Amino acid sequence: MDLKQLTLRQFRNYDQAALSFQQPVNIFLGENAQGKTNVLEAIYVLALAKSHRTTKDKELIRWGEEFARIEGHFARRTGPFELELILSLKGKKGKVNGLEQRKLSEYVGAANVVMFAPEDLGLVKGSPQVRRRFLDMEIGQISRVYLYHLGLYQKVLVQRNHLLKDLQARKGSGEMLDILTDQLVALAAEVISRRLAFVKRLQEWAFPIHYDISRGKEKLEISYVPPGEVSDEMDLSNIKEELYQVYKQKRDKEIQRGVTLFGPQRDDLSFRVNGHDIQTYGSQGQQRTTALALKLAEIELIYAEVGEYPLLLLDDVLSELDDYRQSHLLRSIQDKVQTFVTTTSVEGIDEQTLKQAAVFEVTEGTVEKR
Ligand SMILES: Nc1ncnc2c1ncn2[C@@H]1O[C@H](COP(=O)(O)OP(=O)(O)OP(=O)(O)O)[C@@H](O)[C@H]1O
């Protein structure tokens with residue numbers, strides 16, 4: 001899949017910008033704080049309707065303005081298509097080929113992107129929240145059903161937490177808690193089973209990539225750490241049954257605490273290299289290799305699921321990778337993945353890549369093709 005044109009209106013520090021892309025590699029070059037990352041962020045937001053670095057859409061709208069608009073013209077093997085996302089202080093809406101989508105979960109997934117940004121180096125050692133967000137963003141772009149279930153799950157969770165607060169204060173109905181628990185279990189089981197299946201496939205792809213980048217020295221294992229006492233070898237009906245048991249046993253404790261204590265909002269991923277937990281023992285280099293292997297695995301996984309390679313967005317990470325890792329990355333994407341790179345200098349970028357790249361200079365919210 002290729003992005004052919006990108007138009008920005010009142011997005012971050014851009015008033016207006018119109019860019020077209022003909023090359024497989026597109027480099028945004030400029031000093032710090034000029035708007036390089038903002039372009040990559042716009043592409044990411046256009047595809048996923050969420051930013052990779054903020055949960056507050058308001059921050060994406062140019063200061064003093066009421067709305068921001070991002071438009072993109074894409075080419076897929078099956079033909080061209082257009083996306084438009086409008087962010088306003090009241091909310092956001094997405095259009096595919098000019099048609100407004102009723103739900104954002106129906107909009108997301110038309111275009112696929114993989115972003116590799118400095119924040120991703122925290123995937124291994126950062127908080128579980130970072131890893132859950134990673135799961136949601138990645139599964140969300142290959143499965144609309146997942147986003148649909150996740151959205152419903154979050155709504156029921158909020159209601160159940162309100163009710164548990166009431167019950168804690170000796171108000172509210174125990175019968176209602178049973179009803180909400182039934183709904184929660186059904187949705188939680190859907191979310192957990194998708195996450196389980198995704199992590200298994202991610203592991204299959206990431207293992208050989210990691211092995212290769214570590215020059216055959218490291219064997220990576222990624223596993224899903226499910227919530228509560230639910231085991232990780234389950235089909236949907238077993239997950240439901242186990243969740244029921246957990247909620248039954250912990251009912252009094254949840255009422256006492258006034259909050260839902262179990263569920264996919266508390267699960268995690270674990271990473272082991274040669275049998276050792278790298279969340280605790282991993283070196284900086286191992287974290288980098290793991291983050292890179294995950295991103296490259298995601299690219300292949302998206303290809304396997306949707307039959308097209310995603311766009312790759314590399315935000316200031318080439319300079320973070322040593323020559324060996326950098327050339328591994330560039331070799332694996334060569335000729336198949338349209339790539340957008342930000343950098344403050346082209347010096348560290350391999351010559352072969354530069355030859356097939358278009359360079360855009362970014363200065364104070366303006367972009368000029370060199
Ligand atoms: N909502 C907004 N409205 C206007 N300007 C904004 C908004 N959000 C961020 N900016 C400005 O955008 C600039 C940062 O842009 P960006 O994050 O793209 O930097 P960059 O060129 O990637 O720099 P670096 O190399 O340091 O990462 C800053 O000048 C910041 O003040």
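Predicted model: local features only at pLDDT ≥ 70, side-chain atom pairs only at ≥ 80, totals over all residues.
Start with the overall division. The protein splits into domain 1 (1–112 + 308–370) and domain 2 (125–306). Their C-alpha centres lie 28 Å apart. The contact between them draws 16 residues from domain 1 and 17 residues from domain 2. On the domain 1 side, helix 2 (104–107) and helix 9 (323–333) are the elements that give two or more residues. Helix 9 gives the most, with four residues. By class, this side of domain 1 has eight nonpolar, five polar and three charged residues.

Now go inside. In soluble globular proteins, nonpolar side chains tend to be buried together. Here the largest nonpolar core has 96 residues. Ile43, Val113 and Leu313 have the most contacts inside this core. Helix 5 (residues 174–213) supplies the largest share of the core, 14 residues. Both domain 1 and domain 2 give residues to this core, so the core lies between them.

Leaving aside residues up to four places away in sequence, Ile43 touches Leu3, Leu6, Val113, Leu311, Leu313 and Phe340. Two of these partners, Val113 and Leu313, are also named with Ile43 for the most contacts in the core.

Phe340 leads on to strand 13 (residues 339–343). Five of the five residues of strand 13 are buried, so the strand is largely enclosed by the rest of the structure. In a regular strand the side chains alternate between the two faces of the sheet. In strand 13, Thr339, Val341 and Thr343 point one way. Phe340 and Thr342 point the other way. Both sets are buried.

Strand 13 has parallel partners. Strand 3 (residues 25–29) pairs with strand 13 in the parallel sense over five bridges. Within that pairing, Phe28 has Thr342 as its bridge partner. Strand 12 (residues 311–315) also runs parallel to strand 13, joined by four bridges. There, Asp315 stands opposite Thr342.

Strand 10 (residues 268–273) and strand 11 are joined by two bridges. In this pair, Arg272 stands opposite Asp277.

Most residues other than glycine have a negative phi, and most peptide bonds are trans. Asn274 has a positive phi of about 50 degrees, although it is not a glycine. Asn274 sits in the loop between strand 10 and strand 11. Asn274 is exposed, with 12 other C-beta atoms within 10 Å. Arg215 also has a positive phi, of about 55 degrees, and is not a glycine. Its loop runs between helix 5 and strand 9. Arg215 is exposed too, with 9 other C-beta atoms within 10 Å.

Around it stand 18 residues, of which Asn13, Asn32, Lys36, Thr37 and Asn38 come nearest. By class, the shell has four nonpolar, nine polar and five charged residues. Helix 1 (residues 36–48) gives the most to the shell, with three residues.

Methods
Residues numbered from 1 in each chain as written. Near = placed C-beta within 6 Å. Nonpolar A, V, L, I, M, F, W, Y, C, P; charged D, E, K, R; others polar. Core = buried A, V, L, I, M, F, W, Y, C linked by C-beta atoms within 7 Å. Buried ≥ 20, exposed ≤ 12 C-beta atoms within 10 Å, placed from the backbone. Domains from an automatic or database assignment. Contact = placed C-beta atoms within 7 Å. Pairing = 2+ DSSP bridges.
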